[in-house]
Amino acid sequence: MNVAIEPSWKEQLKGEFEKPYFEHLVTFLKNEKSAGKTIYPPGNKIFNAFAHTPFDNVKVVVIGQDPYHNPGQAHGLSFSVPDGIAPPPSLVNIFKEIKSDLDITINSTGNLEKWAKQGVLLLNASLTVEVNKPMSHSQAGWHTFTDETIKTISVKKENVVFLLWGRFAQNKEALIDTSKHLILKAAHPSPLSAYNGFYGCKHFSKTNAWLQEKGIEPLDWSL
């Protein structure tokens, strides 16, 4: 695995790359590839969330569980898919909530790079997965790395909005200093749970209201 990570993040997380767990993680991924296993996203997209959202630009953090495990979907941004790929069900439900909340209709793309470039860190807890095997890399060491990412944002930045959708993401609340950041929690946008509190959460307008209150440029959630 080529650890090509955006310079500001490389500086903030530099200590992690030398730690034993990260060395084990790199070895694990190399061994999986040597064994002929298909890993998503492609190697040059593993750190895509970091590439599109430098540390200084982070305004919002969206925490996903792991990359899409079907061919063609994962490109290193949580919930996002590349241009030309149909939005998966959870993303469709996110767009439904944006329509309800902000009266913005999104129907042309599932690629969330526009959000990332505005400061939305679309962070999966695991940055890789084996094809057709969800959560297959959840014990490989990625959670240690992404937890450290969340803690670094919490400690070194102020007035960041963390969108925690579903129980898995909400378990990350303990990593965040709630005295200087906003945490918004709701059910996961999956079709299995969206009706249990994701619909109607109004996280997108609430995020913008908080940012504006803090003198920070709000987000354009349209795509």
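On a 1 Å grid over the protein atoms alone, a pocket is an open set of points where a 1.4 Å probe fits, with protein on both sides within 12 Å along at least five of seven lines, and its lining residues have an atom within 4 Å of a point. The model is predicted: local features need pLDDT of at least 70, side-chain atom pairs count only at pLDDT 80 or more, and totals for chains, interfaces and linings use all residues. Residues are numbered from 1 along each chain as its sequence is written, and side-chain values use heavy atoms, with hydrogens and water left out.

**Exercise 1. Describe the largest pocket.**

Step 1: Start with the space. The largest pocket holds about 480 Å³, where a volume is the space filled by probe spheres set on grid points joined across faces, edges and corners.

Step 2: Look at the lining. It has 25 residues, and D66, P67, Y68, S90 and H188 are the ones nearest the centre.

Step 3: Sort the lining by type. There are 11 nonpolar residues, 13 polar and one charged. Here Ala, Val, Leu, Ile, Met, Phe, Trp, Tyr, Cys and Pro count as nonpolar, Asp, Glu, Lys and Arg as charged, and the others, Gly among them, as polar.

**Exercise 2. Find which element gives the most to the lining of the second largest pocket.**

Step 1: This pocket has about 160 Å³ of space. Its lining includes I63, W165, R167, A187 and H188.

Step 2: Strand 2 and helix 7 (167-170) are the elements that give two or more residues to this lining. Helices (H or I, at least four residues) and strands (E, at least two) are DSSP runs, numbered from the N terminus.

Step 3: Helix 7 gives the most, with four residues.

**Exercise 3. Trace the surroundings of F145 in the largest nonpolar core.**

Step 1: A nonpolar core is a set of buried Ala, Val, Leu, Ile, Met, Phe, Trp, Tyr and Cys residues joined through side-chain atoms within 4.5 Å. Buried means under 20% relative accessible area, exposed over 50%, and partly exposed in between (1.4 Å probe, protein chains only).

Step 2: The largest such core has 67 residues, and F50, I94 and F145 have the most contacts inside it.

Step 3: Is F79 buried or exposed, and what about D103?

Step 1: F79 lies in the loop between strand 2 (60-64) and helix 4 (89-102), while D103 is in the loop between helix 4 and helix 5 (113-118).

Step 2: Check phi. F79 has a positive phi of about 70° although it is not a glycine, and phi of D103 is near 60°. Most residues other than glycine have a negative phi.

Step 3: Compare accessible areas. F79 is buried, with a relative accessible area of 9%, whereas D103 is exposed, at 57%.

**Exercise 4. What does the side chain of S138 reach?**

Step 1: S138 is found in the loop between strand 4 (129-130) and helix 6 (142-156), and S138 is buried, with a relative accessible area of 12%.

Step 2: The side chain of S138 reaches the backbone oxygen of M135 at 2.9 Å.

Step 3: Leaving out residues up to four places away in sequence, S138 touches S126 and H143.

Notes: Contact means heavy atoms within 4.5 Å. A polar contact is a pair of N or O atoms within 3.5 Å; within protein, one must be able to donate a hydrogen and the other to accept it, and residues adjacent in sequence count only if both atoms are side-chain atoms.
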